[in-house]
There are 2 protein chains.
Amino acid sequence: MTARLGVTYHVRSDAASIEARAQAIAVEQSVEMPLEAIDEPAVLRDIVGEVQSIEPLDDDRFAVRIGLATATIGHDAGQLLNMLFGNTSLHDDVVLHDVTLPGALVAAFGGPRHGIAGLRQRVGAGRRALTCSALKPQGLSAERLGVLAERFARGGIDYIKDDHGLAAQDYSRFEDRVRACAAGVARATRATGHPTRYVPSLSGDLNAMRRQVGVARASGLDCVLLAPLIAGFANMQALVAEFPDVAFFAHPSLGGAARIAPALLIGTLFRLVGADAVIFPNFGGRFGYSPDTCRLLADNARAVRDGMRASLPVPAGGMTLQRTPELLDFYGADAMLLIGGNLLLARERLAEETAAFTRAVAAHDYR
Amino acid sequence: MTARLGVTYHVRSDAASIEARAQAIAVEQSVEMPLEAIDEPAVLRDIVGEVQSIEPLDDDRFAVRIGLATATIGHDAGQLLNMLFGNTSLHDDVVLHDVTLPGALVAAFGGPRHGIAGLRQRVGAGRRALTCSALKPQGLSAERLGVLAERFARGGIDYIKDDHGLAAQDYSRFEDRVRACAAGVARATRATGHPTRYVPSLSGDLNAMRRQVGVARASGLDCVLLAPLIAGFANMQALVAEFPDVAFFAHPSLGGAARIAPALLIGTLFRLVGADAVIFPNFGGRFGYSPDTCRLLADNARAVRDGMRASLPVPAGGMTLQRTPELLDFYGADAMLLIGGNLLLARERLAEETAAFTRAVAAHDYR
């Protein structure tokens, strides 16, 4: 008996073809060759994918569950993605919908090193939701971004993340930006007493990101942001293992919602690879996620499972201050609201508007 | 005047909304915030994306061309992907269709270091198409894979690539596999005189891949395979720069054809980041690409532009020996045909079947 992951795909197909389609996916995501050409019994028994179930979803879509051998993944997060959806992603009528992860696989990857409890502790928050905003636009000098960061922090916000577009550009070097923003936040913290955290965005190859984490730590920071689908899952996995004292925020950039279910990709897989906080487009904002998708995503990020720490759901993307009570009712206290552009509209009154945001979150009735 | 990339998106929208949608994409892929909140004139002038044109495609789809500032990308291939499609990938009614790359950007990335000419030279091929097959299934021992590699090479094939599922698993360590396959191919080459190349598949984080390239070179190899979307574009870029004597094959794993046009992703962007050969699903095989898509992809990979070397198109995926003449007529001599499972069906007669394949390619009339 070989350990297997249960991988569910949603496949558009007619009823007459679905069994053959399911078997083709099982082969594609494992040995990727005609079974008649395999003469090794152990490969046929232990490695070839197994169709475990086929359930109709509606007139022309089926949920197909394939058992894939855990052994084909090893301990590499990139290979996990490769085995789950590598070639099958090229079929535009298949969506990777869900994965049942064996406990041994979860233990091998480890999930968040800090999780919700660690992120709450960093900012001394009790039983309330957390608050976050974003530094932008790209194109501003490091000094101007530092001024913005200070204003956010004077409003008592918990976390300030770089916009994911802020990288290592000629007009805004990572080192300069981190120094200016860390200093701005530190000034505010001395005034407010609130331990606001600045979360710079990593970019480039693994070595560049490793250097950037070093720069961040040298400035007294203990949180960073990266986009797992841009950085590569295996590289995120390496950074999480290498910097156990740093909390990792995951950005959904390149997440291509339509082909991998967001609740799986962002809620489950980003968490598995070690994201302490997962940022995702909230319903009713600029993106098309439904309330159900957002709830399932948040549930996946927070579910008690296999001893893995919970990952903090961070709804974002076109959020407004006015929606704070509604969203806190929806997500509860184990969440962090991220409002970026809507706060930045306040310009010189940024600290005051931010303070209104943090007060609303602190005063909410978390039933 | 700031240098800009022209980025074309195909957007599903009604005619009344398309101008607003286009403007929203221009903002999303640049400053990602309300323009009213930006008080820096240089950001508004040089950084914010510009809607350059909107053309109807059919009843409910439009081609929207956005000018994005090259300065926001810097020299980082990961940031290129982030700026082209990061957040907009989360809208399931938008496809990243095409990019016009300024010459300076092409020069910064550099494209293939060897390209078609280098890959032809490695195997001493004159004016004919090249041949390739794939080692599989995963789950076979290194020794058995080595035997398969030797049989392929005895059939006179040009390139033998690892299946992209072959990673660093407990049952098949990279080192063991490379040693066994390189030795098998070397034995065949001594017999045939044909300099067949074995192309092992890299996996894991950047450091792991770097070690693997070292192992490959120590075994006398000068070609490797990786999947840019799994490895991360920036990490591929780093490896290409670090190992200028090694030729890189790019695998489309996780390419999610439906959301980034395959001709752009595989033909243009993989090439830009340094792929000497680009593997893609051929029309009429197991995947849904059309002949037009395949032709455009191959054209993008081979187009003369900005002094960049041509990348070798490698159609693959459910190909058969019988289709060789048809495909050579279609792709011409500047291509490499990859037949995997269909050759492996020959089992003990693998070398003979491979020889039939290589003879067909050598004997073809390349008009």
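Between which strand and which helix of chain A is the loop in which Pro137(A) lies? Pro137(A) belongs to the loop that runs between strand 5 (130-135) and helix 6 (142-154) of chain A, where helices (H or I, at least four residues) and strands (E, at least two) are DSSP runs, numbered from the N terminus. The views below show a predicted model, in which local features need pLDDT of at least 70 and side-chain atom pairs count only at pLDDT 80 or more, whereas totals for chains, interfaces and linings use all residues. Residues are numbered from 1 along each chain as its sequence is written, while chains are lettered from A and ligands numbered from 1 in the order in which they are written.

**View 1. Backbone geometry in loops of chains A and B.** Lys136(A) and Pro137(A) are joined by a cis peptide bond with an omega of about 5°. In chain B, a cis peptide bond links Lys136(B) to Pro137(B), with omega at about 0°, and Pro137(B) is placed in the loop between strand 5 and helix 6 (142-154) of that chain. Glu32(A), although not a glycine, has a positive phi of about 55°; this residue is found in the loop between helix 1 (18-28) and helix 2 (41-46) of chain A. Most residues other than glycine have a negative phi, and most peptide bonds are trans.

**View 2. An antiparallel open sheet in chain A.** The sheet consists of four strands in the order 2-3-1-4, with antiparallel pairing; two strands pair if DSSP finds at least two bridges between them. Strand 2 (50-58) and strand 4 (94-100) of chain A are the edge strands, each of which pairs on one side only. On average, and with direction ignored, neighbouring strands of this sheet are turned by 25° against each other. Strand 1 (residues 4-12) and strand 3 (residues 61-69) of chain A run antiparallel and are joined by nine bridges, and Leu5(A) has Leu68(A) in strand 3 as its bridge partner.

**View 3. A parallel open sheet in chain B.** Here four strands follow the order 7-6-5-12, and the pairing is parallel. The edges are strand 7 (197-199) and strand 12 (336-338) of chain B, each pairing on one side only. Strand 5 (residues 130-135) of chain B runs parallel to strand 12 of chain B, to which three bridges join it; Leu130(B) has Met336(B) in strand 12 as its bridge partner.

**View 4. Helix 11 against helix 12 in chain A.** The axes of helix 11 (residues 262-272) and helix 12 (residues 291-302) of chain A come within 8 Å and cross at roughly 15°, the axes being lines fitted to C-alpha atoms, for helices over the stretch in contact, and angles running from 0 to 180 degrees between N-to-C directions. Helix 11 of chain A is therefore roughly parallel to helix 12 of chain A (angles under 35 degrees count as roughly parallel, over 145 as roughly antiparallel, 65 to 115 as roughly perpendicular and the rest as oblique). The crossing is right-handed; it is left-handed if the near helix is turned anticlockwise from the far one by less than a right angle, and right-handed if clockwise. Residues that make the contact include Ile266(A) and Arg271(A) of helix 11 and Leu297(A) and Ala301(A) of helix 12 of chain A, contact meaning that C-beta atoms, placed from the backbone, lie within 7 Å. By class, this contact has seven nonpolar, four polar and one charged residues (Ala, Val, Leu, Ile, Met, Phe, Trp, Tyr, Cys and Pro count as nonpolar, Asp, Glu, Lys and Arg as charged, and the others, Gly among them, as polar).

**View 5. Helix 8 against helix 10 in chain A.** Helix 8 (residues 206-218) and helix 10 (residues 233-242) of chain A pack at an angle of about 30°, and their axes are 10 Å apart, so that helix 8 of chain A is roughly parallel to helix 10 of chain A. Helix 8 of chain A makes a right-handed crossing as it passes helix 10 of chain A. The contact is formed by Leu206(A), Met209(A), Arg210(A) and Val213(A) of helix 8 together with Asn235(A), Ala238(A) and Leu239(A) of helix 10, and by class it has five nonpolar, one polar and one charged residues.

**View 6. The meeting of chains A and B.** In the interface, 71 residues of chain B are in contact with 71 residues of chain A. Helix 3 of chain B gives the largest share of the side of chain B that touches chain A, namely six residues; by class, that side has 32 nonpolar, 26 polar and 13 charged residues. Of the interface residues of chain B, 100% are also interface residues in chain A, so the copies meet through the same surface.

Notes: Two residues are in contact if their C-beta atoms, placed from the backbone, lie within 7 Å.
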